[in-house]
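Subject: A structure for you to explore

Hi there,

Here is the structure I promised to pass on. Have a look at it first, and then read on for what turned up.

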Amino acid sequence: MEAWDAIRARRNVRSYSAEPVPDEHLTRIAEAGWRAPSASNRQHWDFVLVTDREQLAELSTVWQGAGHIAGAQAAIALVVPEPADERTCVVDQYDLGQATYAMMLAATDLGIGTGHSSVGDQAKARHLLGVPDTHVVSFLLGIGHPADRPLRPITKPSRRPFDEVVHRGRW
């Protein structure tokens, strides 16, 4: 898939088929996050790749919107150190957003769907993933083949009108 097609085809997938995701595809998706830009190239992140069915089921309970993780073939937890201050928190979260989107596009390029989730129960998430108390499990990214329909460029996206969103020079 061309990059532009992957951008147009990417959508949140929260229902996955039982088709396995090859390990080399999971590695490529994780590598996309690893290659993402970060402020001052700090790379504060760590990624925990999970494929164990029981662990995925347990992870699906760390946030009210994480139920789809139980049905995914894999998930990647995005982890950062506890921030020292507000600026670090903002920068780290922005960096994680870039890493997440890089992983989503890499997955889409492979025909694999993704669905993100926040993490509310930090103690449980840390315990399940073996993450030290000095770190925050910020997000989960469910990974798997879409159960409903393959990923294809979306011709009529459900978005606010482009001209209403994009302002040239001034608001």
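A salt bridge here is a side-chain nitrogen of Lys or Arg within 4 Å of a carboxyl oxygen of Asp or Glu. By that rule, the side chains of Asp 148 and Arg 11 meet in a salt bridge, at 3.4 Å from N to O. The pair links distant parts of the chain, 137 residues apart: Asp 148 sits in the loop between β4 (135-144) and α6 (162-165), and Arg 11 in the loop between α1 and α2. (Helices, H or I, of at least four residues and strands, E, of at least two are DSSP runs, numbered from the N terminus.)

Before going further, two notes on how to read this. The model is predicted, so local features need pLDDT of at least 70 and side-chain atom pairs count only at pLDDT 80 or more, while totals for chains, interfaces and linings use all residues. Residues are numbered from 1 along each chain as its sequence is written, and side-chain values use heavy atoms, leaving out hydrogens and water.

Are the two partners buried or exposed? Buried means under 20% relative accessible area, exposed over 50%, and partly exposed in between (1.4 Å probe, protein chains only). Asp 148 counts as exposed because its relative accessibility is 53%, whereas Arg 11, at 12%, counts as buried.

Asp 148 has another partner: its side chain also meets that of Arg 149 in a salt bridge (3.1 Å, N to O). Arg 149 is partly exposed, at 45%. Together, Arg 11, Asp 148 and Arg 149 are linked in a network of salt bridges. The whole structure holds 8 salt bridges.

Now try Arg 10, in the loop between α1 (3-9) and α2 (23-35). (Lys and Arg count as positive, Asp and Glu as negative; His and the chain ends are not counted.) Leaving out residues up to four places away in sequence, Arg 10 touches Tyr 101, Met 104, Leu 105, Thr 108 and Ile 154, where contact means heavy atoms within 4.5 Å.

Finally, find Thr 114 in strand β3 (residues 113-118). Thr 114 counts as buried because its relative accessibility is 1%. Among the residues it touches are Arg 11, Asn 12 and Met 104.

Enjoy exploring!

Best wishes
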